[in-house]
Amino acid sequence: MGSLMDDTRPIFMQIAERIENDIIEVTLLEESQVPSTNQFAIFYQINPATAAKGVNLLVDQGILYKKRGIGMFVASGARAVLMEKRKEQFYEQYVVTMVREAEKLGITLDQLTKMIQRGDNRS
Amino acid sequence: MNEVVEIKGLTKSYGKVTVIQDVSFSLEQNKIYGLLGRNGAGKTTIMHMITAQLFATSGDLKVFGEHPYENNRVLNQICFIKESQKYPDTYRIIDVLEISALFFPNFDRDYAHSLIKDFNLPLKRRIKKLSRGMLSAVGIVVGLASRAPLTIFDEPYLGLDAVARSLFYDRLIEDYSEYPRTVVLSTHLIDEVSQLLEHVIVIDNGKLIINEDAEALRGRAAKVIGAAAKVEDFITGKDVISREPFGGLLSATVIGLSTTDLSRAEMLGLEISPISLQQLIVHLTNSRSQGKEVAAQ
């Protein structure tokens, strides 16, 4: 059904990740308003309570804040916080896994570094 | 009072056959529930009892805090759209809407007419001349436009195409956001509706096997795949709901893996893939019935 959500993970986490991505990619600017939970629910065809849970997760982390009677806004400084968090995740998700896989294939650290440099030249 | 429906120890039997066995759950206000289960599991029987169309053999049932039987205060707050909703053959669609407006205090005519346009329904055509899918769409229009505090859709989309089903989900979420109410969706198309649900109730062989928050269920179960010996070692003492050997490999579906379990699996070189709500329910309802057969032999 053309679903944008992955049904194998909690959807509120996916909503939070999408908002985070939008902030990192500057599609959502700091101090700008984010869509309401009902708008999220309708757009992604998800339960409004789930959408609210995702938004509240970011409110708890200080990424979003509520202006009473108006809606949710991106906090200033949110992007820097998220970038830091993502860099740590990058290490866990990519670097650690890559080094482990490299060990399995008998690639030395030196060879691995060269490979990364080669990848960097190509992009 | 937050509880719209309260069921305690509900049992229904026909002679020696018990179709619903000691089922207890409650439905809270303004949530969307999924009532799921296999064919003949007893979902429709439960809905018939909630809507006072069937007497329970034993157990306690309260809807809006009262007994639903012959109780107008309760019944006009309920809208129940059945799998093969029947309206008199000689009625036109517009007559069905007008009659519904009499029955349901919150019925919104303008909204009903906008839905009729969305679903491309011919207002003046007689029920007898409608296709199966169109009939289902009429039921959906009535179900949505009635805005009943307790709205139950029992497999409402017989013959409805994918476009119309998607339209139904869109309109349901839109209208629900604006006019929250308690909605029960009973369906086999779990993948299609799972994201709309806030809470999931699964009935299998007349018994309640799952009554949980949908988000808590998602990502709860995972498939562990790897060399048979390693997988066996990993899954001992865990809640395994299915196992499929494949050559020297074993794929096991396990419930409730912690993060330490996950890192241990990674250390062992096992592959972990999370499964969807639909797959989880398929595994659960499948293995239980298999277990029954084994026990019977």
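How many residue pairs are in polar contact between chain B and chain A? The legends below walk through this predicted model, starting with that count: 7 residue pairs, both partners at pLDDT 80 or more.

**Figure 1. Where chain B meets chain A.** This view of the predicted model shows a contact that takes 26 residues from chain B and 21 residues from chain A. About 1900 Å² is buried between the two chains, with carbon and sulfur atoms giving 52% of that area. On the chain B side, Q195(B), E215(B) and R218(B) lose the most area to chain A, and together they make up 35% of what that side buries. If you are looking for salt bridges across this boundary, the count between chain B and chain A is 0, while polar contacts join 7 residue pairs (both at pLDDT 80 or more).

**Figure 2. The chain B face of the contact, element by element.** Here we stay on the side of chain B that touches chain A. Helices α6, α7 (190-193) and α11 (277-296) of chain B each supply at least two residues to this side. Which of the helices gives the most? That is α6(B), with 8 residues. Sorted by class, this side of chain B has 10 nonpolar, 7 polar and 9 charged residues.

**Figure 3. A salt bridge between two helices of chain B.** Take a look at R171(B) and D118(B), which form a salt bridge with their closest N and O atoms 2.8 Å apart. R171(B) sits in helix α6 (residues 162-178) of chain B and D118(B) in helix α4 (residues 109-118) of chain B, so the pair ties together parts that are 53 residues apart in sequence. D118(B), at 31% relative accessibility, counts as partly exposed.

Figure 4. Side chains of opposite charge can pair when their charged atoms come close. In this view, the side chains of R220(B) and E212(B) meet in a salt bridge of 2.4 Å, N to O. R220(B) is partly exposed, with a relative accessible area of 28%, and E212(B) is also partly exposed, at 26% relative accessibility. E215(B) and R218(B) pair up as well, with a salt bridge of 2.8 Å, N to O, between their side chains. Elsewhere in chain B, a network of salt bridges links D108(B), R147(B), D175(B) and R181(B). Over all chains, the count comes to 21 salt bridges.

**Figure 5. The surroundings of H67(B).** H67(B) has its place in the loop between β4 (58-63) and α2 (72-75) of chain B. With 45% relative accessibility, H67(B) counts as partly exposed. Leaving aside residues up to four places away in sequence, H67(B) touches D60(B), L61(B), K62(B) and V74(B). For one of these neighbours there is a polar detail to look for: the backbone oxygen of L61(B) lies 3.3 Å from a polar atom of the H67(B) side chain. As a further landmark, I50(B) is 17 residues from H67(B) in sequence and 9.3 Å from H67(B) in space, C-alpha to C-alpha. For context, the UniProt record (unreviewed entry) carries the annotation "domain: ABC transporter" over residues 5-230 of chain B. That span is 33% helix and 30% strand, and its end C-alpha atoms are 47 Å apart.

Figure 6. Is E20(A) buried or exposed? E20(A) is buried, with a relative accessible area of 5%. Its side chain and that of K85(A) are joined by a polar contact of 2.7 Å. Not counting residues up to four places away in sequence, E20(A) touches L58(A), Q61(A), L82(A), K85(A) and R86(A). The UniProt record (unreviewed entry) places "domain: HTH gntR-type" at residues 9-77 of chain A. Over residues 9-77, chain A is 51% helix and 12% strand, with the end C-alpha atoms 28 Å apart.

Conventions: Residues numbered from 1 in each chain as written. Chains lettered and ligands numbered in written order. Predicted model: local features only at pLDDT ≥ 70, side-chain atom pairs only at ≥ 80, totals over all residues. Heavy atoms only, no water. Salt bridge = Lys/Arg side-chain N within 4 Å of Asp/Glu carboxyl O. Helix = DSSP H or I, 4+ residues; strand = E, 2+ residues; numbered from the N terminus. Buried < 20%, exposed > 50% of the residue type's maximum accessible area, 1.4 Å probe, protein only. Contact = heavy atoms within 4.5 Å. Buried area = accessible area lost by both parts, 1.4 Å probe. Polar contact = N/O pair within 3.5 Å; in protein donor to acceptor, adjacent residues only side chain to side chain. Nonpolar A, V, L, I, M, F, W, Y, C, P; charged D, E, K, R; others polar. UniProt positions renumbered as here; feature names shortened; annotations may be inferred.
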